Amino acid sequence: VNAAQSDEDLLRRSLDGDAAAFGLLIERHQDRVYRVCLRIVGNAEDARDAAQDAFLTAFRKLAQFRGDAAFATWLHRIAVNSCYDSLRRKKRRPLLHPIRAEDEAPFELGPPVADHAEEVAGTLDVGRALSEIREDHRIVLVLADVEDMAYEEIAAILDVPIGTVKSRVHRGRVALAEALGIGPDATRSRHASEPTTGSGTSEEAP
Amino acid sequence: VTHPIELLTSYVDGTLKPAERASVDRHLSRCLTCRDEVTLATGARRALRSMASPSSTPADLAVPALAAMQEGASSRPRWARLLPIAAAAAVVGLLAISIPRIGSDGGNDTRAAAEADAADASADDLRLLATDTDLNPESLEAAAEAYVSQRTASQEGQTAEAAPNASAAASGSIPARSLSAGKTAQALRCLRSAFAGFPGQVTRLERVTFEGSPAYLAYVLEGPGAGQPADAVTLWVASTTDCSILSLTSASL
């Protein structure tokens, strides 16, 4: 495997029918795509489906990729849409249908390693809190704070202004902290949600 | 007073320039709301950054994409040539015919394959539905009739929208959830290999059981071609395990 090959090289070869090149391209990005999907949709089964769908969609749209964004950005945009799709389908699932055990076990992380038991327990809490906040907040937090992507890149992935990304990150963090039950008195009023201009309420004199 | 939300994000990140940081500090000294939020956001940021990575990535994430790439690139041209034969067979009424599988040599045009594959799946509209319907030859015919009368009713404006799945309606069981695009593509591939031509427009795709065996059921609209509207619906049933033909029925629209 030639690590020096750029995504763009592999992309060109994929378009010429080189399945090995396309496989390599997927392999290069699949860990992150899967992690993002896992944090957004909240369980391993749906994350696997969403990631598979993302790569299938990427294949179908390969010829439309214009190269005006990085391939990774383009791919993550597809992946985020695929996760939205998964969340939407889940909401539509009729209640008549029996809930399967896997639906009740969110945030599967595989067998916990003994040394990291505490970290895993913390992850379970954060994972559950993530599932309780708004989807648009959850998505920016996963990209910004879990995956440590730059706000510019997140803005490109979501196709929104960078200011919108930043304000979603802040509001998402506040909502997540409240879902986790950390921090100061949660009953105090918070800044209204978007648009970003604050209301000016609850200002206090020094 | 306006709360500097976007600056608060960078403040918590620790990426503000000294002058900006000082101005946010001044605001915080007067604004209890923002002060609380900075505390909360800092805690949340720390919690998110300490999340453990999943232990592993599933090994089969590339499978549907690579299968679509390989299958689409190899079989399309011959497949297209068999369309008229399969369409004719469907119109005659036929049951349990067996068309040999098409060989898999041929062109290597990934662009065309990707586009054809996308067209097969009708973009995002068509989804494989998981149902708990068990069909047999009689109820399959009933499902075809139910589809025809439902379609007639909706065309006459009696029903705003067709029910989620006609076979479920025919057998009285509950309709169910739609599955992922990957599973939908897998079902289409399976049906196509079972039925060679697999012509026409797939309007509905279900995962059912047929006399107890897990099966895919496709509703395919077929017409005389040349841009004429569809005049028949064919229900194709193939085993999910080996994609072999289980049954087939059709009805005139």
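## Confidence and architecture

In this predicted model, helix α6 (residues 135-146) of chain A has the highest confidence in chain A, with a mean of 97, whereas helix α5 (residues 117-132) of chain A has the lowest, with a mean of 78. The score is pLDDT, the predictor's confidence in each residue, from 0 to 100. Helices (H or I, at least four residues) and strands (E, at least two) are DSSP runs, numbered from the N terminus. Over residues 110-114 of chain A the pLDDT is below 50, and this stretch makes 3 contacts beyond near neighbours in sequence; a contact means heavy atoms within 4.5 Å. Residues 194-206 of chain A also have a pLDDT below 50, with 33 contacts beyond near neighbours in sequence. Where pLDDT is low, the predicted coordinates should not be read in detail. The average pLDDT of chain A is 80, and 72% of its residues score at least 70.

Chain A contains 8 helices and 0 strands. Of its 206 residues, 49% are buried, that is, under 20% relative accessible area with a 1.4 Å probe, protein chains only. Among contacts in chain A between residues at least 6 apart in sequence, 59% join residues at least 24 apart.

## The sheet of chain B

In chain B, 5 strands form an open, mixed sheet in the order β1-β2-β3-β4-β5; two strands pair if DSSP finds at least two bridges between them. Strands β1 (128-135) and β5 (245-252) of chain B are the edges, each pairing on one side only. From one strand to the next, the twist averages 25°. Two of the pairings are set out below.

| Strand pair | Bridges | Direction |
|---|---|---|
| β3(B) and β4(B) | 8 bridges | antiparallel |
| β4(B) and β5(B) | 7 bridges | antiparallel |

B:V220 has B:T234 in β4(B) as its bridge partner, and B:V233 stands opposite B:A251 in β5(B). The hairpin of β4(B) and β5(B) has 5 residues between the strands, and B:C243 there takes a positive phi near 60°.

## Conventions

Residues are numbered from 1 along each chain as its sequence is written, and chains are lettered from A and ligands numbered from 1 in the order in which they are written. Local features need pLDDT of at least 70 and side-chain atom pairs 80 or more, while totals for chains, interfaces and linings use all residues; side-chain values use heavy atoms, with hydrogens and water left out.

Technical notes: Axes fitted to C-alpha atoms, helices over the stretch in contact; angles between N-to-C directions. Buried < 20%, exposed > 50% of the residue type's maximum accessible area, 1.4 Å probe, protein only.
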